[in-house]
Amino acid sequence: MPEPEPDGRRLLDTVEGRRLRICADEGWHRWGPYLSERQWGTVREDYSADGTAWDYLPHDHARSRAYRWGEDGIAGFSDDRQLWCLALGLWNEHDPILKERLFGLTNEEGNHGEDVKELYYYLDGTPTHSYMRMLYKYPHGAFPYADLVAENGRRKGHDLPEYELIDTGIFDENRYFDISVEYAKAGPDDILMRITIVNRGPVAAPLQVLPQLWSRNTWSWREGGARPLLRLAEEATVEATRANRPTLWFQALQPTEFLFCENETNAQRLFGWGETHHSKDAINDDVVADRRDRVNPLKEGTKCAALSRHVIAAGASLVLRYRLAPDRTTRDTAAFDRAVAERLADADEFYAVLQRSIGDPDARLVQRQALAGMLWSKQFYHFDVRRWLAGDPGQPEPAESRRHGRNSDWDHLNNADIVSMPDTWEYPWYAAWDLAFHCVTFALIDPEFAKGQLILLTREWYMHPNGQLPAYEWAFGDVNPPVHAWAALRVYEMDQALTGKPDRAFLERVFHKLMLNFTWWVNRKDAQGRNIFQGGFLGLDNIGIFDRSAPLPTGGYINQSDGTAWMAMYTLNLMRIALELASEDQVYEDIATKFFEHFLYIAHAMTNIGGRGIGLWDETDEFYYDVLNLPDGRMIPLRIRSLVGLIPLCAVEVLDVSLADRFPDFARRADWMLRNRSDLAALVSRWNEPGKGERLLLALLRRHRMKALLTRMLDETEFLSDHGLRALSKAHAERPFTLDWNGARFVIDYEPGESTSSVFGGNSNWRGPVWMPINYLLIEALHRFGSFYGSDTQFECPTGSGQYRTLPEIAEELARRLTRLFLRGPDGRRPVLGSNDRFQTDPAFRDHVPFHEYFHGDTGAGLGAGHQTGWTGLVALLLFPDLQDQIRPPPSA
C-alpha cells in the first residue's frame, strides 16, 4: 500500500475507516445495496421440466409473480437477509407498465446473448454502505420494449452489432430524466433515501415517482409461514412489522399517497385461475390502468409504494426524501440533508486518503466509479438446491426430470449470504473464479469483506463434499480456474499492508479447505495420472475450436496448456502459503515440500507427456498449445496462439535465499530433490543460481522460453493491442487455424469484437477481445520475474520497435494500456465508450464510465455485460502509480 501522508493518516483512520473497524459489532453492514437488478430468468427461480430458465419466468411475468429465492429492483437497498426491500419505481405516463426493474433481452432474443437494455451507472459508495449513489436515465416517451425485441430479433446474424437503447432514438433532443438515487445512513439501521431528478429535455414532462418498500415473500412456500405487515400509521408514515424483528418506520418527507398490496402472485393474469385482488402487480395496475380496486383500501399489505406526481419543467430539478428507520422523527429536510452531506464528506475523506498517490483527477474519478460498481454489486444470494429440487410444501411438485438434471448432484448447497456478483443484471449469481478477482480489488477498501468471501466459498454449504468449489448456478459442477489460493495470498498480503497485522488465522483456515480442493483437481482432472490436466471450460472455451467441457467430436480428450499451468500456479501459491504459516508452525514445512515437489512434476509433464517426447511446449513454434489426445493414441497439438499459451507465465514464485535459515527442513528436502532429480531442476528452476537481491526462482519458463513467449505476447501484430493483451493472436486474421475431421472442418480466426460463431452458446465472444483478469495476472507475473532478473535483463517492447524495457517496465506499460481503456485520451474520448459521439462528448454521459466484461481487441470499445464490475474492477489497482507495490509487496518467504 502507499506510504502514509506526512500527517500520518491512514485509510482506517478516516471516519469511514473507523466505521469499518466496528462494523461487525455495530451492524454497519446490516443494510446495503443487496437487492439484485434481476431475479427473473435465473436458475433458482426456474421450476420448468427442461431447465429453460429464461422462458419459465420472463420479464413480462416479473411484475406479477412472487419470487421464491430473492427480489429485484432499481437502485435497491435491503437488509442482509433481504427481509425488507427498498427500491425505486417510476412512471412517465406513457409506458405500458411501471418501471420497477431493468429490462433486457434473454439469451435467445439477443443476437449476442442476453443483454440489459437500460442506461444506469454506479457512481459512488463506501465499504459500509454509509453512502451510496447511482444514476438511472429514464426516457420521457414510452420505453421501447417491443422495438428492442423486434430489431434485435431481426439482427440474428452474429456479424451484426447489438441494437441498444440509445439506438432507438428515445433519448433524442435530451428527452429524458436523470434520476440520481442516494442512500445515506444516519445510523446502522437508519436509512435515508434521496432522489434527485433533472429534466434534461427541452419541454416540461410528467413523472410519477413511487419508491417501494416490501417484504420478500417468505410465507407462501410452507404452511404456517409468518406474514409481515406494512400499514399506514399516520400521514406519509408506514409501520413495518414482522416476527422477531424490530419495527421499522418508512416516511416520506413530502406530500405522498401510499398504495398497498401483497407481494403475492397474480395467478389469474399468469395462469387463468385464482383471484387477482391486491397481488404483486396491483400498484402497477392502479397507477398505469387506473384500477383503484386492485390496491388494498385498508392501507395495509406486504408491499407499499410512496406515490407522488410531478410535472418537471425543462432543465429543472426536483429533490424527494424518504427515511426507513427504527423510529419516527419530524420531517426536518434540513437535518436530513445535513446527514446526507456528512456521509458524502466521509466518503470524500476516505477516497482522498486512498487516492493520495494518484495525481490525475480523471484517474481518481475512474477508480472511484470502479469501486462503486464493486460495492453496488454485493447481493443477497439465496438458493437451497435440495429444497429447489424437491419443491415446496403446498406448491406444485417439480417434474421428475429435475431430480436428474441441472445441479442435481449439488443438493448439499444451501446459500443465503451477501456475495459479490460479477454483474447485477447479466450475471446476478456468483462465479467461483470471478469472485477471487473481486476479492483482490475489495481488499483495497474492505479486506475483512474480501477475506470473508474467500472463506465463504470453501464452507461446507458451498464447497462440494468431494472438494470442488461451486462454479455458478447454471452448472455448479463446471470447472473454473483454481485461482482461489492466489486470491487468498494476495488478500492476506494487502490486509497486512493496510492493518499492519498478518491474519494468519484467515490464511490457515482457507488453506486447509484449499488442500481439499487441490486434491479434487488431482483426482478428477488428471485423466492419466500424469500431472497433465483437462479442466474443461476454464473460462476460455471460446478461444478454442471445441467446447472443452463437452464431448469432443473427435472422441478422446484435450490435455490443456492452461489447465496444467493453472495447476502449476496453484501448487506455487499453496507452497507459498504453507511457508508463510511455517514461520509460526514448523509442521507446514512438510506441506510446503509436498507442493514444491508437485510443481516440479507438473513442469516436467508439460514438456514430456507420459514420457512420449510430446509436450505442451512446441519447440518449432516456441509456444504452448493444447494437445488433442485421440482414442487411437495419437496426440495432435492444436496450434492456436491464444491466452492458453500465455498462462504458463503466471506460474512463477521468487523466494529469498534466507529460506534455508528460516525453513531448514523445507530447504533440505528441496535441495535433495533437485540434486537427485537434475532432470526436473534443469527444466524449471534456477534454484542454485541466485538472482537479484539473492533471490531464487521457481517458474515453468527459463529465460529462453520466457523470451520466446514475450516476443509473441508483445508483438502488436499478435497479442499486444493499444488497450492490453488480446485473447487470441491477431495473426489468425490472415492465418486461421483449421482442423479437418471426418468431413467436417473446424476453424478459428481472429475476431476482435463479438464472436460471429455460436458454437459455445449465445455469448460466444472471447476470440480476440481484451480481457482484464488474465491481463492482470500476467502483469503480476512480469513483476515477479522482474524481482528476480533485475534491471540487467531487458526485452524488446513492443516487438520490433527497437525499444528495450525491463520486466517491471513492461508490466507498467501493459497497465498503462489497460487503464487507457477508461481514461480520457488527448482527444477527450474514452475508448471504452466506443464510437457513440453522444457518450463521448455529452457532459451528461462522458464521465459516467461503464466497466465492461471485455473490450474490443482493436478499438478498446466495451463489450459484453455493460456493468461487469467484478473482475474489470481490477483496474482500480492498476490506476495506482506505485503499481508494483500494489500488486505484490516484496516476498516475505
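**View 1. Salt bridges between domain 2 and domain 4.** Two salt bridges are counted between domain 2 and domain 4, a salt bridge being a side-chain nitrogen of Lys or Arg within 4 Å of a carboxyl oxygen of Asp or Glu. Arg490 and Glu780 meet through their side chains in a salt bridge, at 3.4 Å from N to O. The model is predicted, so that local features need pLDDT of at least 70 and side-chain atom pairs count only at pLDDT 80 or more, whereas totals for chains, interfaces and linings use all residues. Residues are numbered from 1 along each chain as its sequence is written, and side-chain values use heavy atoms, with hydrogens and water left out.

View 2. The protein chain is divided into domain 1 (11-356), domain 2 (359-525), domain 3 (534-700) and domain 4 (702-892), with bounds that come from an automatic or database domain assignment. The centres of domain 2 and domain 4, taken over C-alpha atoms, are separated by 25 Å. To the contact (heavy atoms within 4.5 Å), domain 2 brings 28 residues and domain 4 brings 35 residues. The area buried between domain 2 and domain 4 is about 2500 Å², with carbon and sulfur atoms giving 63% of it; buried area is the accessible area (1.4 Å probe) that two parts lose on being put together, summed over both. In domain 2, the residues that lose the most area to domain 4 are Val366, Phe437 and Arg490, which together make up 19% of what that side buries.

**View 3. The cis peptide bond at Pro798.** Cys797 and Pro798 are joined by a cis peptide bond, with omega about -5°. Pro798 lies in the loop between strand 33 (794-796) and strand 34 (804-806), where strands are DSSP runs (E, at least two residues) and helices are DSSP runs (H or I, at least four), numbered from the N terminus.

View 4. Asn174, although not a glycine, has a positive phi of about 60°, and its place is in the loop between helix 4 (145-154) and strand 9 (176-187). Asn174 is partly exposed, with a relative accessible area of 29%, on a scale where buried means under 20%, exposed over 50% and partly exposed in between (1.4 Å probe, protein chains only). Asn244 is likewise not a glycine and has a positive phi of about 65°; the loop that holds Asn244 runs between strand 14 (237-242) and strand 15 (245-252), and Asn244 is exposed, with a relative accessible area of 81%.
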